[in-house]
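Subject: Structure handover

Hi there,

Here is the structure I promised to pass on to you. Have a look at it first, and then read on for my notes.

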Amino acid sequence: MNNSKCAITHKRRRPQRIIQCIYVVGFMDLFGVSMIIPLLSHHVKSLGASPTVAGIVGSTYGVLQLFSSTVVGSWSDVVGRRYSLLTCLFISAFGYGLLGMSTSIALFVLARIPVGLFKHSLSICRAILSDLVSEKERPLVMGHFNAASSVGFILGPVVGGYLTEHEGGFYLSSFVCAAIFFLNAGLVWMLPWSETINHRIDANANSKTKTSKTYDGLKNSVQQNCSDKNYIRHPNAPAVHSRANGGWGWRDIFQSAWRQLTSVWMRICMVASSDLLDVFLVRLLMAVSIMLYYSNFSLAMEERFQLKPKMTGYLISYSSMLGALAGCLVGPVTNLYDNNMSALLLHSTALTCTLIFLYATAPNVWQVLLTSTFFAISTTIGRTCITDLELQRGGAQASGTLIGAGQSVTAVGRVLAPLLSGLAQEFSPCGPPSLGVVLGLLAVGLLLVRTPKWESKTKVKDKSPKQ
């Protein structure tokens, strides 16, 4: 009854304020990270690392992300978005601060460990947005979030490069990045989380496609309560609650941790045993294909067209800016497809594959410029489509687990792409994108086979509440 009263009070109210704040969090996150990324390899070499050691050290982050993405995403479903996001931001800030004190290779590796394990703030932000909006609004909101994050990723290297020109520039950039993450944590702490809960309870109570069981799962996934006296009060997670008789004992802490671990493991097993493996395979194939496109871009431009690195940099910046702006096109495009994400993913994947082929066979720079223009748009739409399709088929109550699993699959692509790129370059500068075309064709073939089945399941799901 109390939940119904709260739902009526906030009926049809979209929490626009918190959504805009999440956009800012995404922008600042990638702004800070992109200040550091271009400087990492140079700094580790300046510490005396050989190229082989530098490569191994550089892969530490990707390997840790591979194993932690799904776990942290599932953990956010269990303990709540606010608590998990704050934890990730604070630990990441600590890691980047430690990076600012890395005067040896051992300290450098040590600093990368907390960041590799807990730098999942963007995934949790996407899960929050998924909690806040309806299925039809989700592509639009996700597209805007990706656009804001991409702008931060474009501007960050400019500031990082400027700071590096000063003495101790890398250390200064690291401390600035840590400060940005602390600032982000402060912003998250002050967010109007009551709007999140009231909106989700309202959406769940009024959704005709949700059963009471699903409603309870969705409400618990955000870990908030709505009482008739003070619905703003929102305990975030079992692990941070206080007992009425005066605090937690060690036994209670271990029991709470065990319950969280059990819940996380059950959610991961649920995703692993689901019928989402085909969607994850499409994600993997296209992730590797796109990474192969970029893997030797600068070198290929120099060898094929004698293009100077400066002009190649301008071309990459142009493509990145278009990719950021393309995030704003996701909403209108999905409306044009009537939110048929399966068909849109098929078409964007086919377009991406075609553009990689045109780049690999380009006779001049102007064709590369043309393909880069549309490539930035198609990949931006494709990334949003695959995430939305995972959430559609997996269920909103496990959005953190699903988004985390998707990031783990992408991390596998980051491990495979450099290896495949090196092998392909042994044959030709066009080898990596040519291999990318083959993988893209495999993804298109898989989509052609699976899309009709996905659409039929969606139609059955839409009709079932009416029966």
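Before the rest, a word on where the values come from. This is a predicted model, in which local features need pLDDT of at least 70 and side-chain atom pairs count only at pLDDT 80 or more, while totals for chains, interfaces and linings use all residues. Residues are numbered from 1 along each chain as its sequence is written, and side-chain values use heavy atoms, with hydrogens and water left out.

The overall picture

The protein chain has 19 helices and zero strands; these are DSSP runs numbered from the N terminus, with helices being H or I of at least four residues and strands E of at least two. The protein chain has 467 residues, and 51% of them count as buried. Its accessible surface is about 22000 Å², with 67% of that belonging to carbon and sulfur atoms; the areas come from the Shrake-Rupley method with a 1.4 Å probe, and for residues only the protein chains shown count as cover. Contact here means heavy atoms within 4.5 Å. If you take the contacts between residues at least 6 apart in sequence, 82% of them join residues at least 24 apart.

Two loop residues with positive phi

Most residues other than glycine have a negative phi. Gln306 is not a glycine, yet its phi is positive, at about 55°. You will find Gln306 in the loop between helix H13 (297–305) and helix H14 (309–326). Asn339 also has a positive phi, near 60°, and is a residue other than glycine. Its place is the loop between helix H15 (330–336) and helix H16 (341–360).

Helix packing

Two packed helices are described by the angle between their axes and the distance between the axes. The axes are lines fitted to C-alpha atoms, for helices over the stretch in contact, and the angles run from 0 to 180 degrees between N-to-C directions. Angles under 35 degrees count as roughly parallel, over 145 as roughly antiparallel, 65 to 115 as roughly perpendicular and the rest as oblique. A crossing is left-handed if the near helix is turned anticlockwise from the far one by less than a right angle, and right-handed if clockwise.

Helix H2 (residues 16–46) packs on H6 at about 165°, with the axes 10 Å apart. H2 is therefore roughly antiparallel to H6, and the crossing is left-handed. On the H2 side, the contact is made by Ile18, Ile19, Ile22, Tyr23, Val25, Gly26, Asp29 and Leu30, and on the H6 side by Ser121, Leu122, Cys125, Ile128, Leu129 and Leu132. These residues divide into eleven nonpolar, two polar and one charged.

Helix H17 (residues 365–394) meets helix H18 (residues 399–425) at an angle of about 140°, with their axes 10 Å apart. H17 and H18 are therefore oblique to each other, in a right-handed crossing. Thr387, Glu390, Leu391 and Gly394 of H17 touch Ser399, Leu402, Ile403 and Gly406 of H18. Here the division is three nonpolar, four polar and one charged.

H17 also packs against helix H7 (residues 138–164), at about 135° and with axes 10 Å apart. That makes H7 oblique to H17, and the crossing is right-handed.

Two buried residues

Lys119 is in the loop between helix H5 (105–118) and helix H6 (121–132). At 8% relative accessibility, Lys119 counts as buried. Leaving aside neighbours within four places in sequence, Lys119 is in contact with Asp29, Val33, Tyr61, Gln65, Ser92, Pro114 and Phe181.

Ser173, in helix H8 (residues 169–189), is buried with a relative accessible area of 0%. Beyond its neighbours within four places in sequence, Ser173 contacts Met35, Ile36, Leu39, Gly160, Leu163 and Thr164.

Technical notes. Buried < 20%, exposed > 50% of the residue type's maximum accessible area, 1.4 Å probe, protein only. Nonpolar A, V, L, I, M, F, W, Y, C, P; charged D, E, K, R; others polar.
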